[in-house]
Amino acid sequence: MLWSVMTIGVYMSYRVMNMPDLTAEGSIVLGAAVSAVIIAQGGNPFLATLAAIPAGMTAGLVTGVLHTKLKIPGLLSGILCMIALYSINIRVMLGAANVSLLRRRTVFTGLIETGLSRNMSTLILGAVCAALAVTVVYCFYGTEIGCAVRATGNNDEMAKAQGVNTDMAKVMSLVISNGLIALSGSLICQYLGFSDIQMGIGAIVIGLASLIIGEVLFAGRTFKRALIAMVFGSLVYRFVIAMVLEAGMPATDLKLFTAITVAIALSLPNLKKKLGKSKGKLVDWQGRK
């Protein structure tokens with residue numbers, strides 16, 4: 001459930017804006033680093049979680065400005081911001097590569113103290129955050145500005161012809177996307193009990209895997225259902241990971257397994273088209289025969 005918030009953020013950049021944003025691998029660590037440092041210094045964990053959101057938004061803003069104002073390609077803009085965030089995240093964590101939250105209160109502590117198990121507390125709070133993320137994103141895209149953002153992602157030139165400020169729409173989408181990703185990073189680090197500079201490696205692939213699984217298994221024709229599908233896609237992906245680990249697959253092979261899963265999922269539409277064409281040719285040949 002905690003990763004599903006990140007998947008919704010990836011969906012906003014990859015599907016809605018049609019831009020693979022690699023800033024995610026840095027902004028998820030940024031959200032974790034900001035929250036971990038505030039909590040480690042004795043700050044309120046809920047305020048620390050909220051502080052992660054504007055931090056991630058700032059990262060998305062930088063990527064958006066690089067892409068729209070400096071005319072750097074979207075993919076390269078994300079890579080540049082991701083690289084820069086590595087150094088920034090270490091500075092946020094006061095020069096350390098890891099910040100421990102051992103014996104510190106987190107957003108899950110209050111639920112655990114009521115008698116709930118750690119996993120159940122995480123599930124409940126994760127479900128609440130996922131529901132809020134879906135609601136906020138759905139309501140935003142229902143506004144006039146949100147419709148302009150969606151129109152920009154569908155057809156940049158047509159949206160510009162209709163008077164839409166496409167540069168602003170792109171920046172806004174990246175800002176909200178990375179804000180959600182940073183929020184996910186904050187929740188994940190509090191669940192794990194630490195923030196680490198390496199925790200963002202492969203995050204974009206995890207997000208894409210959850211996104212593709214959600215689209216294949218649950219997505220419908222409405223935007224609301226597509227957002228809900230991201231949550232269930234994240235759950236299914238984690239369930240599959242748990243199954244393959246239980247079956248004996250080494251944990252070091254998880255990244256390879258995820259990459260293969262995403263590659264297969266992304267190639268499915270093309271394979272279906274080729275299969276459909278081959279079937280059509282077979283029918284024509286048989287008819288002539």
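**Exercise 1.** Is glutamate 113 buried or exposed?

*Solution.* Start with the cut-offs: buried means under 20% relative accessible area, exposed means over 50%, and partly exposed is in between (1.4 Å probe, protein chains only). Glutamate 113 has 55% relative accessibility, so it counts as exposed. Next, look at its partner: glutamate 113 forms a salt bridge with arginine 105, and their closest N and O atoms are 2.8 Å apart. (A salt bridge is a side-chain nitrogen of Lys or Arg within 4 Å of a carboxyl oxygen of Asp or Glu.) Arginine 105 comes in at 46%, so that one is partly exposed.

Before you go on: this is a predicted model, where local features need pLDDT of at least 70 and side-chain atom pairs count only at pLDDT 80 or more, while totals for chains, interfaces and linings use all residues. Residues are numbered from 1 along each chain as its sequence is written, and side-chain values use heavy atoms, with hydrogens and water left out.

**Exercise 2.** Work out which parts of the chain are tied together by the salt bridge of arginine 15 and glutamate 215.

*Solution.* First, check the distance: the two side chains meet at 2.6 Å, N to O. Then place the residues: arginine 15 sits in helix H1 (residues 2–16) and glutamate 215 in helix H10, so the pair links parts 200 residues apart in sequence. (Helices here are DSSP runs of H or I with at least four residues, numbered from the N terminus.) Finally, check the cover: arginine 15 is partly exposed because its relative accessibility is 35%, and glutamate 215 is partly exposed at 23%.

**Exercise 3.** Find what threonine 63 touches, and say where it lies.

*Solution.* Threonine 63 belongs to helix H3 (residues 45–68). Its relative accessible area is 0%, so it's buried. Now list its contacts (heavy atoms within 4.5 Å): leaving out residues up to four places away in sequence, they are Met19, Asp21, Thr23, Ser77, Gly78, Cys81 and Leu174.

**Exercise 4.** Which helix gives the most to the nonpolar patch?

*Solution.* Val216, Leu217, Leu256, Ile260, Ile264, Leu268 and Leu271 make up this surface patch, with about 640 Å² of accessible area together. Helices H10 (203–217) and H12 (254–288) are the elements that give two or more residues. H12 gives the most, with five.

Definitions and conventions: Patches are made of residues with over 30% relative accessible area and no salt bridge: like charges are joined within 9 Å, nonpolar side chains (Val, Leu, Ile, Met, Phe, Trp, Tyr) within 5 Å. Accessible areas come from the Shrake-Rupley method with a 1.4 Å probe; for residues, only the protein chains shown count as cover.
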